[in-house]
Amino acid sequence: MRSRAADIDTNFYGPLLVARAFVPVIERNGGGHILNVHSALSWLSDRRPYSASKAALWSQSNALRLHLRPRDIEVTGLHVGYVDTDMAAGVDAPKSSPADVAAAALDGIEANAFEVLADEPSRNVKAALAGDLTLLYPQLVK
């Protein structure tokens with residue numbers, strides 16, 4: 001079983017340390033782009049530390065975007081549900097093709113998109129954020 005700290009280390013500190021390492025290089029090269037891989041669970045809790053770590057990454061990406069834009073470095077957040085990879089092999093749910101997710105990410109970077117919603121689950125969860133909390137958590141309805 002993974003420790004709770006592993007999710008925060010992987011999904012929050014990992015991207016932060018990568019950004020810190022590469023920002024000077026990107027800046028020396030005249031600017032560029034950072035892509036952070038989020039999740040539909042950035043906006044929807046599944047009661048595991050994983051979703052909290054992805055929410056933290058979403059917030060971090062927003063902060064980095066504001067901090068780095070004046071230095072000609074853009075930050076795009078890629079939101080996706082399940083992708084048909086080894087990591088999701090045991091999941092019995094619809095999955096996006098890795099090629100489709102990669103194409104959406106590259107299209108988003110090319111368009112300087114702040115966020116890329118790569119699949120239907122991500123688009124549905126993001127749309128539900130504007131509504132009543134019970135749209136995301138129907139178990140809260142009394």
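Trainee: Where is N112 found?

Mentor: N112 is found in the loop between α3 and β3. Please bear in mind that this is a predicted model.

Trainee: What is the phi of N112?

Mentor: The phi of N112 is near 55°, a positive value in a residue other than glycine. Most residues other than glycine have a negative phi. D72, in the loop between α2 and β2, also has a positive phi, near 60°.

Trainee: Is N112 counted as buried, partly exposed or exposed, and how do you know that?

Mentor: The relative accessibility of N112 is 41%. Buried requires a value under 20% and exposed a value over 50%, so N112, at 41%, counts as partly exposed.

Trainee: Why is D72 called exposed?

Mentor: The relative accessibility of D72 is 52%. The cut-off for exposed is over 50%, and D72 therefore counts as exposed.

Trainee: Let us turn to the sheet. What is its strand order, and with which pairing?

Mentor: The sheet is open and has 3 strands in the order β1-β2-β3, with parallel pairing.

Trainee: What makes β1 and β3 stand at the edges?

Mentor: β1 (32-37) and β3 (115-117) each have a single partner strand, so one side of each is left without a neighbour in the sheet. From one strand to the next, the twist averages 20°.

Trainee: How do you know that β1 and β2 pair?

Mentor: Two strands pair if there are at least two bridges between them.

Trainee: What makes β2 largely enclosed by the rest of the structure?

Mentor: In β2, 7 of the 7 residues are buried, so the strand is largely enclosed by the rest of the structure. I73, V75, G77 and H79 point one way from β2, while E74, T76 and L78 point the other way. In a regular strand the side chains alternate between the two faces of the sheet.

Trainee: Which strands does helix α3 lie across?

Mentor: Helix α3 (residues 98-110) lies across β1, β2 and β3 and runs at about 150° to β2. The buried residues of α3, namely V101, A105 and G108, pack against these three strands, β1, β2 and β3.

Trainee: What puts the buried residues V101, A105 and G108 on one side or on several sides of α3?

Mentor: V101, A105 and G108 are the buried residues of α3. They cover an arc of only 65° around the axis, which puts them on the same side of α3. On the other side of α3, A99, D100, L106, D107 and E110 are exposed.

Trainee: How do you know that the length of α3 agrees with what a helix should span?

Mentor: The 13 residues of α3 should span 18 Å at 1.5 Å a residue, and the end C-alpha atoms are 18 Å apart, so the two values agree. For α2, with 20 residues, the reach from first C-alpha to last is 28 Å, close to the 28 Å expected.

Trainee: Why is S53 called buried?

Mentor: S53 lies in helix α2. The relative accessible area of S53 is 0%; buried means under 20%, so S53 qualifies. Leaving aside neighbours within four places in sequence, S53 is in contact with D7, I8 and N11.

Trainee: How many aromatic pairs does the structure hold?

Mentor: The structure holds 2 aromatic pairs. F12 and Y13 form one of them, with 5.0 Å centre to centre and 85° between the planes.

Trainee: Why is the pair of W43 and W58 called edge-to-face?

Mentor: The ring centres of W43 and W58 are 5.8 Å apart, and rings pair if their centres lie within 6.5 Å. The planes stand at 90°, and planes over 60 degrees apart count as edge-to-face, so the pair is edge-to-face.

Trainee: What does the pair of W43 and W58 tie together?

Mentor: W43 lies in the loop between β1 and α2 and W58 lies in helix α2, so the pair ties together parts that are 15 residues apart in sequence. W43 is buried, with a relative accessible area of 6%, whereas W58 is partly exposed, at 26%.

Notes. Residues are numbered from 1 along each chain as its sequence is written. This is a predicted model: local features need pLDDT of at least 70, side-chain atom pairs count only at pLDDT 80 or more; totals for chains, interfaces and linings use all residues. Side-chain values use heavy atoms; hydrogens and water are left out. Helices (H or I, at least four residues) and strands (E, at least two) are DSSP runs, numbered from the N terminus. Axes are lines fitted to C-alpha atoms, for helices over the stretch in contact, and angles run from 0 to 180 degrees between N-to-C directions. Contact means heavy atoms within 4.5 Å. Rings of Phe, Tyr and Trp (its six-membered ring) pair if their centres lie within 6.5 Å; planes under 30 degrees apart count as stacked, over 60 as edge-to-face and the rest as tilted. Buried means under 20% relative accessible area, exposed over 50%, partly exposed in between (1.4 Å probe, protein chains only). The expected span of a helix is 1.5 Å times one less than its number of residues. The arc is that of the directions from the helix axis to the C-beta atoms.
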